[in-house]
Amino acid sequence: MKRIVIHEEHCIGCRLCEVHCLVAHSASRNIIKAFKTERKAVMPRVMVEEDGPLSFALQCRQCEDPSCLEACVSGAMHRDERTGAVICDETRCVGCWMCIMVCPVGAIQQNLLGTHIASKCDLCYDAEMPACVAHCPNEGLTYEEVSEEKAPR
Amino acid sequence: MRTVIIGNSASAVGVVETLREHDQRAEIVMVSEEPHMIYSRPLLDHYLAGKIGRPRLAYRSADFHQRHNVTPLFETRIERLDTAAHEAIATDGRRIGYDKLVICTGGLPIFPPIPGREAQGVYTFTRLDDVDGINARIEQQQVTDAVVVGGGMIGIKATDALTRRGVHVTMLELAPRILSAALDEAASGIMAERLRRAGVSVLTGNTLSAINSTGGQVTGVTLQDGNEVPAQLVVFGIGVRPNTTLVQGSDIVVNRGIVVDRQMRTSNPDVYAAGDVAEAYDLVVDLNRTVAIWPNAYRQGGIAGADIAGLLSHDRGGVAMNAIEVDGLPAMAIGSSNAEGGDYEVFAELDPERLRYKRLVLQGGRLVGAILVGQINRAGIYTGLIRTRMDVSDYRKQLLSESFGLLSLPEHYRKHIVTGQGIEV
Amino acid sequence: MALSLATASFVIERDESRCIACQVCVRQCANDVHYYDEESERVFSNDASCVGCHRCVTMCPTHALVVRQNPLEFRPHPNWSAGKLRDIYRQAETGGMLLTGMGCDEPYRIYWDHMLLNAAQVTNPSIDPMREPMELRTFLGAKPEKLSFDADGNLLEDSLPGPQLELAVPIMFSAMSYGSVSYNACLALARAATKIGTFCNTGEGGLHPTLYPYGDHTIAQVASGRFGVHLDYMNAVAALEIKIGQGAKPGIGGHLPGEKVSLDVSRTRMIPQGTDAISPAPHHDIYSIEDLRQLIYALKEATQYTKPVSVKVAAVHNIAPIASGIVRAGADIVAIDGLRGGTGAAPTAVRNNVGIPIELALAAVDQRLREEGIRHRASIVVAGSCRNSADILKAIALGADAVYIATSALVAMGCHLCQNCYTGRCNWGIATQDPYLTKRLNPDIGERRLVNLIRAWSLEIKEMMGGMGINSIESLRGNRDHLRGVGLNQVELDALGIRAAGY
């Protein structure tokens, strides 16, 4: 399947990935509206880690054997049959945080913006390319076919 | 090839999903004592609290059996096994033949022989039937006060749910502090305070000596110290013990739970056990032990399923862990979370203003346990470090930092876990 | 601190209806122009620090930013322009020389823009480059005096050319040192040169060991500071270039401030970390053409006559006899850098007032070498602002064998000509060693953009050559009949050696 590949040597810490992830998951999908009127209801699912000049954008690695899926008590976490992505069904998630407790990269976050559910990357389900990759100005993220053997476990 | 699975929860689902992924033809029979579809037991408190409706208790969709081509046998209780004949024998005498058997019978709630426990209004808290009973009682008997016996994970979940239903709860914990198996004093104190703030009466170092009733209906409990607590509802949330009754008298070795190897095989080569009933390898303590938690159950089911399908699978072992939330304040305990003394090295930081607490336990330079209260995002990175037994001594100082993340870790480990390449773990 | 009289060069307009306070501009500005105010949850700007590099404008996801020239106007005065006044205010405050980066920004006449190319009509046919082969291949180096053959018709040894550089296109990347530009910029240039089949130039910064694999497409400079010069360096590359002068700062040496001398730069240059790298104004062993000849032959000896040696000079008043001397000293290539050539750091006064435009220098040198019968002994490479494919064609028609481009290459990689290279705070990650900033130039992207630029220019060059009825770039070289001047006086036309349009 296609995966988001992180290139930390090219991440410039601008956080445009976070901006566009938020927009892609907003109701309006309009950048100005998303920030000016929906900001308290939507959050990015990619996070930039930064320590001095070193930085990279991190989102769910779409593991081959996802710990979150095995730990999910509600059945919300599932592998989408069409895209192969590990997706949290937000209508079923109860916010028990088991997935957060087991994700080895820490890519799942609490969404407490008027809700109480786990928030994670869905590879921008309907889009050809995830928003974070499409808007990365320096190819610090790329979207590539990665064989199963080379994928994170 | 006929695989019979006894049970219908996480580990049973794990067996089915993995086995079916690799073997489309094998016959699979799922035997369940309960009449219900596959539901999630950890969601029972959410259901009791009214946070979710009954349909959302479903752990897998209603067509699970059909989609995976599984024959379900509901309301069938297996009484014993005839391993020589490769048969599981039900209470009604039916003999269910198998080539491979997976025991996923889970745990039985501990229900101590307290005088008066047969009164109406006394429940355990592990099955849907329990919650249906509690629900009915709350609605029909105008329950204003309840006693929850046990200040562990189950007790607190029951307490939090009942409190949200507007019931005043008195929580009884025999140990000097709540959640004593998972949390240290500081974390336990924060959670107890949180419970009290939500209106719960938390009584530690105390438990009940009798259940009082009038006309068969529970009216309260008498404590060990002689005090009485009125209640129209008593819930036992002490814990569970492995449900091993069906293997008694067979050749299958039982210690506390059914002893299994790294492929989830019992001492009988055609019988597997997975989940809360199994005594499987725990990589933190480097011993087999029973750890009744959901992720272990599902994973172990998957290992058994893979082995039956003929795949080379090997369980790396489980890590005891749990997450709980009291009145919106989350807490997590991972691995040997409250270990201290000996060769354990403990780093802890308390932020009482923001109700945040972090405690990390190292042993021989490796992270073996963690407690997080309040701020829990990224907790899984600690779990990963525990699981991979990484030597963290070079950067132990960063582990506690507020900005702790993958960048705090050595480059090769970071790159390995984000790309899947690099070092072997 | 006393009040500064130097007013802001730019004003920043932030459209509040579009600004989403995402703070991308805050994070991207190395000059700390933008800042976020937590209390009001708004982003503000400090215009005075803005250098007009457009990084924030380009990165802003809602296009909320516009940077304008400060419309503040002084009382009009043809002699005392705003720029002149601001320079005085700054110098009165600092007591220092004004420094700047990139090429001369004074409005001297750009002769490329006053020359027009020819095309074939009726009396000779034009060529369709889509159907017919077009040869852009160029060889740089000394060509034989004459051809002599033995009795069997085989070429005699003295008829064989010396070592040559083979260029797939007559365009090379001019000298940009590691130190003045980032490692990623060097890497992008080296990879692009390799992919295109041309050459990049180390400048006077030495060659980083990890760039040795691109040595076959690298020209290594030997400058007055001799930074990073050693035998392995010379043998790792395709050609050597003695740098006498640079168009942006004729007559003075290079200056790399200590802040840009990182550990890696110091190792590559073989100087202590954090020290200023100051190359002397002259080579202290060159005070005559004879001295130059000694160095040329020292380099040829060191590399066993396997590599052509180039000598680079700035275009100055007596450039024609200077070039003649260089050729006679044994150089295989004469590189001439014009008034508008770029730099990473130069005194503004020098950059804007010393030297002559490359077009005039080129015409004079080509003419002089032809008259002296030594044009074949060396190739001419010109630098100092070829901005597009037409400029390159005009340079070749005036007599160049090939051109060096640097500013265009930097622009391709993102440079916006803010002229602040000397500060080391290049927001585009090019002219900096700051690890926060160097990451901004992804060498993969840089390489791709450079290759694209040269590809695009090659297509245009072929199209225009075909239009002239020429199918080989060699046939255009020095073919000034294909040039006509517009808006030039007779002195300029004569200097360029071309006729006026209409004749």
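**Chain A and its contacts**

Modeller: In chain A, 29 residues are in contact with 35 residues of chain B, where contact means that the C-beta atoms, placed from the backbone, lie within 7 Å. On the side of chain A that touches chain B, at least two residues each come from β2 (47–51), β3 (54–58), α3 (67–71), α4 (98–102) and β6 (109–111) of chain A. The helices (H or I, at least four residues) and strands (E, at least two) are DSSP runs, numbered from the N terminus. The largest share, 4 residues, is from α4(A). By class, this side has 17 nonpolar, 5 polar and 7 charged residues; Ala, Val, Leu, Ile, Met, Phe, Trp, Tyr, Cys and Pro count as nonpolar, Asp, Glu, Lys and Arg as charged, and the others, Gly among them, as polar.

This is a predicted model, in which local features need pLDDT of at least 70 and side-chain atom pairs count only at pLDDT 80 or more, while totals for chains, interfaces and linings use all residues. Residues are numbered from 1 along each chain as its sequence is written, and chains are lettered from A and ligands numbered from 1 in the order in which they are written.

The contact between chains A and C takes 18 residues from chain A and 16 residues from chain C. Here α1 (16–24) and α2 (31–36) of chain A are the elements that give two or more residues to the side of chain A that touches chain C. Of these elements, α2(A) gives the most, with 4 residues. The classes on this side are 10 nonpolar, 4 polar and 4 charged residues.

How values were computed. Contact = placed C-beta atoms within 7 Å.
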